[in-house]
Amino acid sequence: MAVPFRQDWIDVDGIRTRFVQAGDPGRPAIVMLHGTAGTWECFSPNLMAHAKHFNCYAIDIVGSGFSDKPDKDYEIDVYVDHVRAFMRTMGIARASVIGVSLGAWVACRLAVSHPAIIDKLVLLASSGMIANAQTMGSIRSARTKAVENPTWSSIKSIFDTLIYDERNRIDDLVAVRQATYRQPEMKRAMEHILCLQDPEIRARNLIPEDDWRRIVAKILVIAAPDDREEYYNTAMRIRDLVTGARVVEMKQVKHWGQFEKPDEFNEISLGFLLEAD
């Protein structure tokens, strides 16, 4: 409501990709990546603060939101290729990345495989290191139920594990997610998205510890003690594996600290992103 921005779609190697942009195009770029089967709206409370200093892009990654949904499994390299192609299409040679959950996993794989295009990383609900069968089953069950029968209650229940405080699970979020899940092509796309919840597929997509040690980008990890344990443990392990990585705790948030406590997150994130190298 209080920041100039534009929403648009752009062809990214044949994938019609939804994005929002805010900030001076002449400033350093930030790319914001949402989590499993989400949309860019999870960064709504962060655009204004970050756009004062950066050229911000938040996208619906391939298969999700209102971007195209090609009929193939979305393993991590598919997401990586889509983000790289988006950056190339938009003329972004190098960017910092803010990633949530799946978005954090993709951001870290980008930093491993394509270090020249990554500046700094800000990670929430860090993923890509641990496979927890219970969590994987829960994600598959909730997303499948929601896309097969996208009632208000089934969609709203997704946010129980993403947002700590019931009051922050606002109707706007539910309505956007419901609209995306009601798209005719979304049922098939969800099967492709959830491939990463298959133990065998997930195992081959996890980032090995030696690859974590190779990351040269500066990393800030938001650790949420009130989220599921594996995300907190991943944050602490990243600190141990990646040279110079730092961890900041945010309490009384789950996955979406950037949404639940935007003032706190924005201050922490910008303090890190604006530091001189």
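**Cavities, sheet and helices**

Tutor: Start inside: the largest cavity has a volume of about 80 Å³. Keep in mind that this is a predicted model.

Student: How many cavities of 30 Å³ or more are there?

Tutor: The structure has four of them at 30 Å³ or more.

Student: What lines the largest cavity?

Tutor: Its lining includes Thr36, Ser101, Leu102, Trp105, Arg202 and Tyr231. By class, the lining residues are six nonpolar, four polar and one charged.

Student: OK, new topic. How many strands form the sheet, and in what order?

Tutor: Eight strands form an open sheet, ordered E1-E2-E4-E3-E5-E6-E7-E8, with mixed pairing. The edge strands are E1 (6–12) and E8 (246–249), each of which pairs on one side only. From one strand to the next, the twist averages 25°.

Student: What does pairing involve, in general?

Tutor: Strands of a sheet pair through backbone hydrogen bonds, either parallel or antiparallel.

Student: Take E3 and E5, then. Parallel or antiparallel?

Tutor: Strand E3 (residues 29–33) and strand E5 (residues 95–100) run parallel, joined by five bridges. For instance, Leu33 has Gly99 in E5 as its bridge partner.

Student: Which strands does H2 lie across?

Tutor: Helix H2 (residues 76–89) lies across E1, E2, E3, E4 and E5, and runs at about 110° to E1. Helix H3 (residues 102–113) lies across E3, E5 and E6, at about 155° to E6.

Student: Last one: at what angle do H4 and H7 pack?

Tutor: Helix H4 (residues 133–148) and helix H7 (residues 186–193) pack at about 170°, and their axes are 9 Å apart.

Student: Why call them roughly antiparallel?

Tutor: Angles over 145 degrees count as roughly antiparallel, so H4 and H7 are roughly antiparallel to each other.

Student: Which residues make the contact?

Tutor: On H4 they are Arg143, Val147 and Glu148, and on H7 they are Met186, Lys187 and Met190. That contact has three nonpolar, no polar and three charged residues.

Conventions
Residues are numbered from 1 along each chain as its sequence is written. This is a predicted model: local features need pLDDT of at least 70, side-chain atom pairs count only at pLDDT 80 or more; totals for chains, interfaces and linings use all residues. Side-chain values use heavy atoms; hydrogens and water are left out. Axes are lines fitted to C-alpha atoms, for helices over the stretch in contact, and angles run from 0 to 180 degrees between N-to-C directions. Helices (H or I, at least four residues) and strands (E, at least two) are DSSP runs, numbered from the N terminus. Angles under 35 degrees count as roughly parallel, over 145 as roughly antiparallel, 65 to 115 as roughly perpendicular and the rest as oblique. Contact means heavy atoms within 4.5 Å. Ala, Val, Leu, Ile, Met, Phe, Trp, Tyr, Cys and Pro count as nonpolar, Asp, Glu, Lys and Arg as charged, and the others, Gly among them, as polar. On a 1 Å grid over the protein atoms alone, a cavity is a set of points where a 1.4 Å probe fits but cannot get out, and a pocket is an open set with protein on both sides within 12 Å along at least five of seven lines; lining residues have an atom within 4 Å of a point. Grid points are joined across faces, edges and corners, and a volume is the space filled by probe spheres set on the points. Two strands pair if DSSP finds at least two bridges between them.
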